[in-house]
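Hello,

Here is the structure I promised to pass on to you. Have a look at it, and then read on for what turned up in it.

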Amino acid sequence: GYHPGARWRRLQGYLQSFSTFEKDRSDDLSEHISPRQKRDTNSFLYTGKRCRMESCFDFSLCERNGFKVYVYPQQKGEKISESYQNILTSIEGSRFYTPDPAQACLFVLSLDTLDRDQLSPHLPLWNEGKNHIIFNLYSGTWPDYTEDLGFDIGFAMLAKASISTENFRPQFDVSIPLFSKEHPRTGGERGYLRHNTIPPYRNVLRFMEPKGKIRISKRSFAEIIEDQHCSSESPPTDKYSEEMLYNSTFCLVPRGRRLGSFRFLEALQAACVPVMLSNGWELPFSEIIDWNTAAVIGDERLLLQIPSTVRSIHQDKILSLRQQTQLLWEAYFNSVEKIVLTTLEIIQDRVLEHNSRSSLMWNSLPGGLFTLPRYSTHLGDFPFFYAKLGIKPYPKFTAIIHVVTPLVSQSQPVMKLLVAVAKSQYCAQVIVLWNCDKPLPAKHRWPATSVPFIVIEGESKVISSRFLPYDTIPTDAVLSLDEDTVLSTTEVDFAFTVWQSFPDRIVGYPARSHFWDSSKERWGYTSKWTNDYSMVLTGAAIYHKYYHYLYTTYLPASLRTMVDQMSNCEDILMNFLVSSVTKLPPIKVTQKKQYKETMMGQSSRASRWADPDHFAQRQTCMNKFANWFGTMPLVHSQMRLDPVLFKDQVSILRKKYREIERL
Amino acid sequence: RGASVMYASGKYSSRGPALIPRMKTKHRIYYIALFSVVLLGLIATGMFQFWPHSIESSAEWTLEKGSVHDAPLIRLPASSPIPERGDLSCRMHTCFDVYRCGYNPKNKIKVYIYALQRFVDEFGVPISSTGLSREYNDLLSAISDSDFYTDDVTRACLFIPSIDVLNQNSLRIRETAQALAMLPRWDKGMNHLLFNMLPGGPPDYNTALDVPRDRALLAGGGFSTWTYRQGYDVSIPVYSPLSADVLLPERHPGPRRYFILSSQTAIHREYRAELERLKEENGEALLLLDKCSNLSQGAASARKRCCKGQVYDYPQILQESSFCVVLRGARLGQAALSDVLQAGCVPVILADSYILPFSEVLDWKRASVVIPEEKLSEMYTILKSIPHRQVEEMQRQARWFWEAYFSSMKAIGLTTLQIINDRIYPYAARTYEQWNNPPVVKWSSVNSPLFLPLIPPRAPGFTAVVLTYDRIESLFRVITEISKVPSLAKLLIVWNNQNKSPPEESLWPKVGVPLKVVRTKENKLSNRFFPYDEIETEAVLAIDDDIIMLTSDELQFGYEVWREFPDRLVGYPGRLHLWDHEMGKWKYESEWTNEVSMVLTGAAFYHKYFNYLYTYKMPGDIKNWVDAHMNCEDIAMNFLVANITGKAPIKVTPRKKFKCPECTAIDGLSLDQTHMVERSECINKFASVFGTMPLKVVEHRADPVLYKDDFPEKLKSFPNIGSL
């Protein structure tokens with residue numbers, strides 16, 4: 001008989017192994033079923049509720065043209081909700097969009113499927129829903145949270161808010177957050193966290209106090225669930241005050257009429273660590289986000305333990321949780337566009353699995369949307385992960401000189417520049433980008449350099465080609481130069497040593513600033529001497545090579561074309577891009593203000609700086625760019641970095657960068 | 001506002017900060033009432049449930065001799081109930097009884113292991129052909145030796161049967177299921193965990209154990225996406241017995257003799273043909289091995305592989321290749337994966353729909369390449385596109401995964417339990433870094449506690465903390481000077497003299513911000529870095545009581561720079577550490593150098609969080625050492641911040657003649673040779689405590705944008721910089 005007190009004891013002596021080579025390995029040689037057949041059977045067996053990418057998705061559609069998304073044209077008279085329109089517009093504005101269904105790998109319905117809707121998909125490309133994705137926000141309510149959409153979705157994927165784990169098909173559906181009609185389409189607000197206050201728990205128990213909306217002390221949890229108007233619905237009437245959320249450290253996010261709730265995003269933005277009490281809710285983007293780093297996943301069944309649980313969380317952990325809420329909010333949630341792009345990127349990562357993001361890329365700064373695995377899947381190739389990996393960027397740079405005027409004399413500024421740059425101890429290679437209409441000069445006309453020197457002839461001769469991610473750049477750092485830039489070897493050396501401390505920023509010489517022109521209600525650009533700056537122009541700046549790739553692939557063709565047509569503003573656009581990634585200002589080095597040979601006007605293009613139109617164009621650019629980014633990403637800085645002994649009263653011989661003092 | 005001087009004597013020296021606000025009395029009563037009700041309920045349930053059992057348990061039975069034949073024999077009646085098949089919709093919140101785990105200050109689940117029994121059917125035939133296997137014995141023994149284990153069945157949260165189901169081939173399915181249902185705590189399989197590595201059987205090889213098991217959790221090798229219940233089951237490796245038999249020393253990551261190696265013997269002929277084609281196209285870069293036809297079957301054959309008559313040692317040969325193919329067989333999970341990882345070879349996994357081992361916590365993208373079976377023919381091209389540096393990282397990562405999670409049944413078992421533990425106590429779960437970073441990365445990487453790029457608003461200002469002993473006159477001058485800084489929010493005077501009282505309130509300079517005095521219990525240097533509750537701002541300016549030469553512009557500018565770098569020390573006098581080759585140790589340098597690696601905290605801005613770290617998290621005995629020697633508290637702070645952020649401090653504004661900034665701690669000690677020697681000793685001492693030299697050397701300092709520019713002074717934000 002059984003004895004409850006009996007316990008396990010290790011057995012001594014000889015025992016057989018669980019697996020014997022003869023038997024189990026020959027098992028594996030089951031020749032009678034071909035792996036191809038097996039795959040075909042799978043796609044036949046596992047459909048509907050058991051759909052997976054392997055069985056319900058046609059990968060071959062993505063092979064020809066890459067990951068392209070097609071949106072069905074809108075039917076006349078079809079009513080589309082604002083939220084759904086935002087989703088469609090975001091897809092159409094993204095780099096994945098194609099107007100040609102023959103090129104598409106993924107299809108999006110233009111019928112409003114966000115709200116529960118009757119739909120009979122008589123669509124020409126429906127193909128039983130294969131490679132279709134259906135966005136849905138509102139189906140499935142209490143008590144059983146069924147997910148009936150009112151029609152047979154066939155092989156289609158669901159991108160759905162408040163989806164339950166039971167109905168969620170892992171690696172096939174995408175769980176998206178529930179967002180309100182007011183959620184901005186693009187840009188999006190930053191999180192509310194402004195201080196990393198210590199101790200951060202001013203009001204740990206905020207939600208326990210009598211005035212809180214969600215309270216578990218007075219009202220039982222069951223009541224909260226049953227009260228359909230309580231807490232998680234109808235955001236406009238019931239919105240928490242910003243301050244109240246901000247002053248709380250933890251916010252309870254219970255389920256309401258639906259599993260997910262608007263509270264979730266509100267709490268996230270407010271840096272109020274969500275305490276999830278919604279058993280069976282597949283959390284938003286759970287496939288890629290490690291929610292343990294930004295939320296407390298509670299269990300409804302252990303409701304009464306929640307107070308002691310959150311109190312047991314150490315303040316170090318709270319500090320990190322709160323920052324992570326902000327990171328995730330700004331990376332994936334603060335606009336409809338980000339939610340949609342994240343959904344598409346998740347699917348793209350499944351389609352190109354060997355070329356997809358690791359969990360670290362998704363869960364650390366600057367987030368997966370800015371960390372493109374098609375550039376590299378190696379973390380060390382990005383400017384963001386050096387510290388996390390305990391490594392350093394490659395200690396040399398590649399100079400790229402953008403040339404638009406023909407070579408006429410040996411005393412031309414570009415000649416001096418080339419020599420000075422090549423002399424830098426950190427220079428690995430010099431690339432001249434020949435964007436001049438005249439044919440390439442003969443090799444011997446260039447000065448001799450000790451480092452490898454190559455000339456690339458720009459194919460289209462457009463200005464954006466200076467930011468192409470050339471394979472010939474062997475280093476992490478790029479020193480970007482205009483042909484008429486004046487820089488000494490010492491200045492190059494110093495800028496590079498500074499960049500090594502800030503590899504994710506633009507570090508360079510020519511600083512500019514932006515300001516809000518309230519009289520004209522628009523952004524202004526200034527090159528005047530000011531006490532602060534927010535841009536460092538790429539006529540003499542060092543930055544990470546990855547930004548070339550981002551510039552070329554992340555930015556929409558419309559902006560790049562605009563820049564190319566004007567042959568202007570490419571440097572401003574680069575600053576917008578980098579600051580939107582880092583949320584930090586660039587870094588200006590040394591006192592140097594004049595970095596150009598005074599405008600000689602050798603050709604019309606060289607003297608673009610003297611052109612009054614040029615300046616007006618730059619004002620326009622600022623506003624066009626801010627419009628596309630949906631916000632002003634530039635950030636001001638009030639300091640510059642000088643050599644430690646700069647202009648100090650000590651013998652010049654003791655100074656390493658003494659040439660920098662001679663302006 | 002006038003000056004308000006407050007005395008809070010001896011408040012801080014004996015206890016830490018009040019971490020949790022006191023509960024209001026009425027709430028306390030409420031909680032006590034609530035607690036009592038819950039407690040009574042628990043006691044009642046406990047009495048009801050466990051009373052009858054406690055009588056039985058007195059008859060303790062143990063397996064003293066430790067032989068399998070001593071285990072009691074249990075005869076299963078043919079009519080014995082059979083559990084239901086596993087429910088695919090099971091999740092932790094539906095099929096797992098979390099109340100059994102309960103709140104637990106250590107956040108650790110308790111695991112009970114059933115005593116060994118031998119189950120036989122009505123005719124006395126055992127339910128398993130092998131009985132308890134060596135591996136399952138190891139697994140259960142490892143768990144019983146771990147912190148998870150409890151022998152108190154009433155307190156257990158998870159139950160592990162001693163019925164060995166690692167290999168489905170050796171089981172009689174129906175009888176095994178009946179045996180499971182006989183377990184006294186089975187209760188529909190609730191909270192029971194089964195370990196299975198070889199699921200399914202011919203002809204179609206199901207990807208999960210076929211034994212009906214009600215709601216039991218399954219730790220299975222070879223799950224497919226259709227059988228794996230995400231967040232409920234645990235995907236585990238198939239243990240390779242070679243792990244224990246063969247010692248493969250770790251090889252340094254780098255290029256190998258072969259690019260791709262295929263060493264599996266049971267590869268379907270369609271795939272083998274495909275591999276042969278790849279080999280024809282790419283030649284020597286590929287090595288395709290098969291079993292040796294001339295060797296007899298058996299354990300020896302497992303250790304040899306052949307190619308065109310040439311014999312190779314397995315698994316040693318795996319170390320000669322950068323990538324190693326792990327193809328599905330009849331089953332998805334392959335023991336070869338373990339061998340490949342052990343060899344530090346990057347696995348190329350071709351097994352569609354396979355759930356990789358421990359994929360819930362391990363980031364396989366950093367250790368392996370997953371290619372759809374369909375794309376086997378493109379394997380070479382895909383692998384060639386991976387940068388060398390990444391291949392090296394993957395090699396290291398692969399080896400680390402094996403060492404930590406694959407190398408023994410103990411590793412596999414405890415990892416499984418830790419994953420379940422993390423689900424039950426998610427707020428105490430192991431982090432991504434803890435799971436995925438090999439020790440060498442854990443050691444060299446930094447995860448700054450202030451990682452969010454934030455430029456805090458100017459408005460809250462900073463709190464100036466002045467450490468003073470008895471230099472009243474100098475102190476008052478410092479107070480007067482600092483009070484002119486626009487962003488000063490509060491002055492906190494740390495009175496470190498126990499023999500003398502601070503001056504009368506009326507004698508203090510009149511300043512426009514609150515001024516508070518705290519008296520300390522002991523004259524310790526670490527008092528300057530205590531996280532006083534009075535510091536309500538993020539920014540702290542630590543300043544000595546004799547630093548009167550800094551201008552208001554310089555201090556305000558320092559604060560502005562700190563706002564741009566809130567995770568760094570931002571200070572005025574800069575210092576450097578150097579390696580003294582002659583002496584073979586570190587040296588402290590205060591001369592005019594082109595480099596900086598420390599800023600003195602005689603005048604420095606920093607985040608209040610670092611006060612907290614200095615007081616409670618300083619490694620080793622550094623804090624006491626500093627207090628005992630009355631020196632080097634600033635060096636210690638520089639070490640601490642650099643170590644946790646991986647960043648250099650920022651020196652602001654040009655060098656000034658500071659009146660002996662090194663020697664303010666002890667009055668009268670001059671900047672002489674012994675002092676410098678002592679500070680060099682500090683650096684060596686701290687470097688050995690930290691186990692590394694965390695300080696970072698930089699060649700820059702921060703100046704205002706228009707510093708030294710030919711520009712109207714009155715238009716500059718910070719005109720008065722650098723005057724001596």
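Two strands count as paired if DSSP finds at least two bridges between them. Helices (H or I, at least four residues) and strands (E, at least two) are DSSP runs, numbered from the N terminus.

Before the findings, some housekeeping. This is a predicted model, in which local features need pLDDT of at least 70 and side-chain atom pairs count only at pLDDT 80 or more, while totals for chains, interfaces and linings use all residues. Residues are numbered from 1 along each chain as its sequence is written, chains are lettered from A and ligands numbered from 1 in the order in which they are written, and side-chain values use heavy atoms, with hydrogens and water left out.

Let me start where the two chains meet. Strand S19 (residues 639-643) of chain A pairs with strand S26 (residues 700-704) of chain B in the antiparallel sense, over 5 bridges. Within this pairing, Asp642(A) has Arg701(B) of S26(B) as its bridge partner. The side chain of Arg701(B) also forms a salt bridge with that of Asp648(A), at 3.7 Å from N to O. (A salt bridge here is a side-chain nitrogen of Lys or Arg within 4 Å of a carboxyl oxygen of Asp or Glu.) Another salt bridge joins Arg10(A) to Asp138(B), with the closest N and O atoms 3.6 Å apart. This pair crosses between chains too: Arg10(A) is in the segment before helix H1 (21-28) of chain A, and Asp138(B) is in helix H3 (residues 134-144) of chain B.

How many salt bridges does the rule find across the interface of chain A and chain B? There are 8, and the count over all chains comes to 53.

For the interface as a whole, 138 residues of chain A and 161 residues of chain B take part in the contact, where contact means heavy atoms within 4.5 Å. The two chains bury about 13,900 Å² between them, 54% of it on carbon and sulfur atoms; buried area is the accessible area (1.4 Å probe) that two parts lose on being put together, summed over both.

Now to the sheets. Chain B has an open sheet of 5 strands with parallel pairing, in the order S10-S9-S13-S14-S15. Its edge strands are S10 (286-288) and S15 (369-370), each pairing on one side only. Inside the sheet, strand S13 (residues 321-327) runs parallel to strand S14 (residues 346-350), and 5 bridges join them. Here Phe323(B) stands opposite Val346(B) of S14(B). Two helices of chain B pack on this sheet. Helix H6 (residues 269-282) touches S9 (258-262), S10 and S13, and its direction makes about 145° with that of S10(B). Helix H10 (residues 388-406) touches S13, S14 and S15, at about 90° to the direction of S14(B). For these angles, axes are lines fitted to C-alpha atoms, for helices over the stretch in contact, and angles run from 0 to 180 degrees between N-to-C directions.

Chain A has an open sheet of 3 strands, again with parallel pairing, in the order S6-S7-S8. Strands S6 (250-254) and S8 (296-297) of chain A each have a single partner strand, so one side of each is left without a neighbour in the sheet. Val275(A) has Val296(A) of S8(A) as its bridge partner.

Trp579(B) stands opposite Trp586(B) in S22(B), and among the 4 residues between the strands, Gly584(B) takes a positive phi near 70°.

Enjoy exploring!
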